Amino acid sequence: MFEAFWRETGDAAELVIPGWQTMSYFSDVGNVCWFMEPLFDQQVRRLHRTVGNAAVDGYHVLVGTGSTQLFMAALYALSPADADQPTSVVSTAPYYSSYPAVTDFLRSGLFRWAGDANSFVGDSYIELVCSPNNPDGAIRDAVLSSGAGKAVHDLAYYWPQYTPITRRADHDIMLFTVSKSTGHAGTRIGWALVKDREVARRMTKFVELNTIGVSKDSQLRAAKVLGAVSDGYDVGGGGASRHRLFDFGRRKMVERWRMLREAAAASGAFSLPAETSGQCNFANETAANNPAFAWLRCDREDVEDCAGFLRGHKILTRSGNQFGADPRYVRVSMLDRDDAYDIFISRLASLK
């Protein structure tokens with residue numbers, strides 16, 4: 001969806017890297033995250049200050065190969081090495097389908113997936129809080145409270161194109177990614193904002209042992225892209241006349257959700273979560289929540305597997321059972337190119 005925007009920005013986000021540059025493993029040996037490019041650190045902090053969606057003062061910025069690597073690094077950093085049992089990892093259902101898969105992939109002795117946070121019993125845990133939530137777009141807070149428990153806040157979708165920016169988040173560990181903020185999924189860059197220095201050091205150690213740092217070329221490209229986004233809103237630098245990513249994204253998401261709700265109503269066979277809104281401090285106006293994914297329910301009594309039903313009509317989705325939920329629900333991406341999205345809407349509206 002974001003390709004159209006970036007095609008119009010000209011050289012604002014273009015980058016040339018000389019052959020001699022970025023050859024060393026090291027970037028800033030004085031930083032906890034010693035392989036992070038200083039320019040990337042600067043542009044991450046600048047963008048959060050521009051949007052107002054997360055606090056950066058007093059935080060360590062860490063870079064990862066996507067936020068998934070940093071999610072794994074957080075599990076490693078928060079799990080006691082001398083515990084008798086693996087630390088339980090939980091999240092409120094419906095939860096992001098990759099949480100259980102990534103948590104248990106290596107069958108680590110440090111942590112293990114323990115399912116829905118609402119049904120968890122115990123004092124020691126790591127709770128994953130995705131807000132706005134993937135897959136249903138709900139605004140989430142931690143549901144567990146224990147002195148021995150820890151929380152990791154996945155804020156990949158807490159950007160103005162998807163949801164009102166109602167507060168400056170200031171959690172202990174916050175994860176973000178360029179794939180959802182700017183659309184550059186192929187750059188494979190995510191970042192974490194971490195309060196505690198020792199946790200930041202342990203997360204950095206995980207990335208060091210896992211991949212010996214993060215591609216500097218990708219970091220520099222991400223820094224250039226994030227800088228271009230901030231430039232669009234830099235009033236002192238003439239931002240009013242420049243391309244504005246979040247304005248573009250918000251318009252696209254509002255239109256796409258309008259089309260989807262009309263198609264679901266025309267079909268009569270599907271339902272969607274009720275629309276919610278809030279005061280957006282970034283846009284300085286009331287804005288609706290327009291999630292990156294639609295949590296679609298098939299209401300036909302003869303359909304128990306909504307994903308299978310839609311697949312039979314050439315609509316590819318992800319089943320609710322992959323998110324710890326009822327298979328009558330599916331997750332639908334709202335971020336495809338215009339032509340693909342238009343085909344999806346046409347096919348959905350035709351189903352009765």
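Reader: Are Y95 and W113 buried or exposed?

Author: This is a predicted model, in which local features need pLDDT of at least 70, side-chain atom pairs count only at pLDDT 80 or more, and totals for chains, interfaces and linings use all residues. Residues are numbered from 1 along each chain as its sequence is written, and side-chain values use heavy atoms, with hydrogens and water left out. Taking buried as under 20% relative accessible area and exposed as over 50%, with partly exposed in between (1.4 Å probe, protein chains only), both Y95 and W113 are buried.

Reader: How many aromatic pairs does the structure hold, and what is the geometry of Y95 and W113?

Author: Rings of Phe, Tyr and Trp (its six-membered ring) pair if their centres lie within 6.5 Å, and planes under 30 degrees apart count as stacked, over 60 as edge-to-face and the rest as tilted. The structure holds 22 aromatic pairs. The ring centres of Y95 and W113 are 4.9 Å apart with the planes at 70 degrees, so this pair is edge-to-face.

Reader: What is the angle between the planes of F246 and F282?

Author: Both F246 and F282 are buried. Their rings form an edge-to-face aromatic pair, 5.7 Å centre to centre, and the angle between the planes is 90 degrees.

Reader: Which residue has its charged end over the ring of F293?

Author: A charge sits over a ring if NZ of Lys or CZ of Arg is within 6 Å of the ring centre and within 35 degrees of the ring normal. At 3.7 Å from the centre of the F293 ring, the charged end belongs to R331.
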